[in-house]
Amino acid sequence: GESVGLHLPTLSVQEGDNSIINCAYSNSASDYFIWYKQESGKGPQFIIDIRSNMDKRQGQRVTVLLNKTVKHLSLQIAATQPGDSAVYFCADFYGGATNKLIFGTGTLLAVQP
Amino acid sequence: EAQVTQNPRYLITVTGKKLTVTCSQNMNHEYMSWYRQDPGLGLRQIYYSMNVEVTDKGDVPEGYKVSRKEKRNFPLILESPSPNQTSLYFCASSSRTGRQYFGPGTRLTVT
């Protein structure tokens, strides 16, 4: 079956450094991916998304890169701040009738002051 | 403010005692879903609804029921809760674009 996995369960970075969170997916037919941020005690919050006809998309301090050849995407956070500490999920969107997201298990980003 | 609300946020109950977790959204979204989140397993879909009176099973539907009588509400019903349903539950809604908005979560403990 399909899966969306993360390479690193925990990532520790210094405040001000750039963070890179990686994600692999297995379904080559996937055409839409979303990154979510989940802070302690809260529901997942949308960060950025990307469609399969794009290689890169930028937001405010965040960039998502998609490599369809190796079925890999990454989330880059520039100038990481303490408020970025959270669990980050990539999700593979299954549209059609189910509108379902397949989530990876998440990466914990810990920002050291 | 666009949001998804859930109640209660925390619930401790005993095996077999029926309970309902409510979910409401104010964005006029067609799609609504319920997920459970467990350590090491991530978020898994329980049930989803494409519109009023249209619901279907997700990946882990056993032991749960849902209903969609109104567009804004999508309650999750546990007729006879068991300890393996102890989990963190999230309701989500979306339009057809796929970007889902999540509620704050309901932490359920079944003893």
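Author: Strands (E, at least two residues) and helices (H or I, at least four) are DSSP runs numbered from the N terminus. The model is predicted, with local features needing pLDDT of at least 70 and side-chain atom pairs counting only at pLDDT 80 or more, while totals for chains, interfaces and linings use all residues. Residues are numbered from 1 along each chain as its sequence is written, chains are lettered from A and ligands numbered from 1 in the order in which they are written, and side-chain values use heavy atoms, without hydrogens and water.

Reader: How many strands does chain A have?

Author: Read along the sequence, chain A follows the pattern β-β-β-β-β-β-β-β-β-β-β. The secondary structure of chain A comes to 0 helices, and its count of strands is 11.

Reader: What is the volume of the largest pocket?

Author: A pocket is an open set of points on a 1 Å grid over the protein atoms alone where a 1.4 Å probe fits, with protein on both sides within 12 Å along at least five of seven lines; lining residues have an atom within 4 Å of a point. The largest pocket is lined by 24 residues, and Gln38(A), Gly41(A), Gln37(B), Leu88(B) and Arg107(B) lie nearest its centre. Its volume, the space filled by probe spheres set on the points, is about 490 Å³.

Reader: Which strand gives the most to the lining of the largest pocket?

Author: Strand 9 (86-94) and strand 11 (107-112) of chain A, along with strand 4 (31-38) and strand 9 (87-94) of chain B, each supply at least two residues of this lining. The strand that gives the most, with 3 residues, is strand 9 of chain A.

Reader: Is strand 9 of chain A mostly covered or uncovered, and how many of its residues are buried?

Author: A residue is buried under 20% relative accessible area, exposed over 50% and partly exposed in between (1.4 Å probe, protein chains only). In chain A as a whole, 42% of the 113 residues count as buried. Strand 9 of chain A is mostly covered, and its buried residues number 7 of 9.

Reader: How many bridges join strand 4 of chain A to strand 9 of chain A?

Author: Two strands pair if DSSP finds at least two bridges between them. One of the bridges here is between Lys37(A) and its partner in strand 9, Tyr88(A). Strand 4 (residues 32-38) and strand 9 of chain A run antiparallel, and the number of bridges joining them is 6.

Reader: In strand 10 of chain A, what is the bridge partner of Phe93(A)?

Author: Strand 9 of chain A also runs antiparallel to strand 11 of chain A, with 3 bridges, and there Val87(A) has Leu108(A) as its partner. Strand 10 (residues 100-103) of chain A is joined to strand 9 by 4 bridges, again antiparallel. In strand 10, the partner of Phe93(A) is Leu101(A).

Reader: What is the volume of the second largest pocket?

Author: This pocket is lined by 15 residues, with Gly43(A), Pro44(A), Gln45(A), Phe102(B) and Gly103(B) nearest its centre. Strand 5 (45-51) of chain A and strand 10 (101-102) of chain B each supply at least two residues of the lining. The volume of the second largest pocket is about 230 Å³.

Reader: Why does Val70(A) count as exposed?

Author: Val70(A) is found in the loop between strand 7 (62-67) and strand 8 (72-77) of chain A. Its C-alpha atom is separated by 18 Å from that of Arg57(A), 13 residues apart along the chain. Val70(A) counts as exposed because its relative accessibility is 55%.
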